[in-house]
Amino acid sequence: MAKKRVYEIARELGVPTKELISKLAELGMEGLRAVNAVEEEEAEVIRDLFLEGKQQATSDEAQEGATEQESPDEQPPAEEPRPKPPQKGDPRPPVVAVLGHIDHGKTTLLDGIRRAHIAEGEAGGITQSIGAYQAQVDERTITFIDTPGHKAFTAMRARGAQVTDIAVLVVAADDGVMAQTVEAIDHIKAAQLPMIVAINKTDKAAQNVDRVKQELTQHGFVPEDWGGDTIMIPISALNGDGVEDLLEMLLLVADMEDFRGEPSGELHATVIESHIDTARGPLATVIVKNGTLKARDCVVVGTTWGRIRALIDHRGEQVPSAGPGTPVQIMGLEDVPDAGERLEVFPDQKKAKREVSARQLAEEAQRKPSRATMTFEDLLAQAQTENLYVVLKATSMGALEAARGEMSSVEHEGVEIQVLHAGVGPVNESDVALLSAVDSGQPLVLGFGVKVDNKARRAAETRGIPIRTYDIIYDLTEDVRRAVRRLAGPEYVETKVGEAEVLQLFDIDGVGTVAGCAVTSGRVVRGAIIKVRRDDEIIHSGELQTLKRFTQDVREVESGRECGIRVRDFDEVQQGDVLEIYSMEEVQPE
């Protein structure tokens, strides 16, 4: 007997999956997930329970209303309605990016969704060049970003733009997890996005869905039907099997995440791609997440500006405006902006031009020599962070595991090494793009026995991301160890350099208590740490604030001489106390 998934039962009942699961939990059927498959008999029980629950709730409401009408005097006074929490806006379409290995069917999947979900009456179909489109699913809308790869996906985050709401990871059922699959996983993790796995090519004879699931568990993703929390949907993008289930899951995740936008709110719109058209000039595709973008708006995007001459939707038609969750192409910019730049609306051209000029001057002033061309020592000397973010590439899986093993042995308190991605093959532009999205910490690309392609080198120089390659694994490990030590900051040890006995005390207005002392051994030096000893017990430790010989400030007083000492923020020193003098000396790294 065929099994039914919970979301299929919800579809039959005509209710959102989230509502069905919530109601069943109230009725005692807890722990059900959207993709759980149940026997037809259990499915019938679920339908009956849900319908009985709804009927009971309706009956209770009707009975309560009747009771109130029959005996209004016996009812307690109505409570003041509780204030509702502030609304975040109206529900908006989720923005979805599809990632995965190059031959695993991303394009076939997107094309299939386009063909099946173009709204009726849309002449000419979808315009490919816009780079995004909207699909209608169960009278709801999903916005898909048709990105050319991980580079574009990450370039947006490099400028702090979180455009994507949900990621779909496509994995071929006959190939399994490949090098670019791992790369896509690392990009999705770095973006901290909810993810759905589409296990594609289930129509192939060599398909093995369970093997794919097993491989994904090694990367921390356990499927829901195995007791985990990652939604994995078997599909065939070629013949359409499972694609509707995937779309259903996207809508379910959107319901759970509750994506919203305010059409009348502040504009949040981000460039996802741009180019120059020979006939129409600079064109930029943007996703509006909040607010409304209108034709004739005067906008600033990065270091360019323009008055929008036209808005073109995903069908290739001009529209007067674009609201939350909508992709649209804009015409009228003076230059081509970078992916990830935010749009800002300005009241007039004069203010927009002034803002662009200020940004260009600021950008020029901040330009520094590229960290990518610095020596390793210069780089470390400049670092002011406690985290090292690494992309590691090697010639083979064996070499990669060896390098990761060596790196794991490098530890230092207060410093964390985070390997954002580790893969086989040359350093490429996507590796640099992943690190460019790091908003804090020291990024570093490490290559073990591999080359760096020219695009990656140019991108690293532009973004100031250092790339270091090694042929000997111990050289790589030693440089990482040096980096960690430098990021941790210098280490100091206390060295006792002298003692002084307090002979008498002086209270000085505006200064505090100054101890008149005799240096009994060693010396007293400016910048020292003073430990106050009384009856063989250290009662205070603090910084030496002032050191005087008679009325003169001095840098050092040697044994056999007298001096005046003030301990910072400590006025409890007494005659007869012994002041132990310590200097802080930096420990040089090995």
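Y133 is buried, and F144 is too, where buried means under 20% relative accessible area, with over 50% counted as exposed and anything in between as partly exposed (1.4 Å probe, protein chains only). This is a predicted model, so local features need pLDDT of at least 70 and side-chain atom pairs count only at pLDDT 80 or more, while totals for chains, interfaces and linings use all residues. Residues are numbered from 1 along each chain as its sequence is written, and side-chain values use heavy atoms, leaving out hydrogens and water.

**Rings**

- Phe, Tyr and Trp rings (the six-membered one for Trp) pair if their centres lie within 6.5 Å; planes under 30 degrees apart count as stacked, over 60 as edge-to-face and the rest as tilted.
- By that rule there is one aromatic pair.
- Y133 and F144 make it up, stacked at 5.4 Å centre to centre with 20° between the planes.
- Y133 sits in strand β5 (residues 132-137) and F144 in strand β6 (residues 140-145), 11 residues apart.
- Over at Y582, K531 lies over the ring face, 4.5 Å from the ring centre; the cut-offs for a charge over a ring are NZ of Lys or CZ of Arg within 6 Å of the ring centre and within 35 degrees of the ring normal.

**The four-stranded sheet**

- Helices (H or I, at least four residues) and strands (E, at least two) are DSSP runs, numbered from the N terminus, and two strands pair if DSSP finds at least two bridges between them.
- Four strands make an open, parallel sheet in the order β21-β20-β22-β23.
- β21 (416-424) and β23 (467-470) are the edge strands, each with a single partner, so one side of each has no neighbour in the sheet.
- Neighbouring strands here are turned by 20° against each other on average, direction ignored; axes are lines fitted to C-alpha atoms, for helices over the stretch in contact, and angles run from 0 to 180 degrees between N-to-C directions.

**Around β20**

- Seven of the eight residues of β20 are buried, so the strand is largely enclosed by the rest of the structure.
- β20 (residues 387-394) pairs in parallel with β22 (residues 442-448) over seven bridges; L388 stands opposite Q442, and L392 opposite L446.
- Eight bridges join β20 to β21, also parallel, with G423 as the bridge partner of K393.
- Helix α12 (residues 429-436) lies across β20, β21, β22 and β23, running at about 170° to β20; contact means heavy atoms within 4.5 Å.
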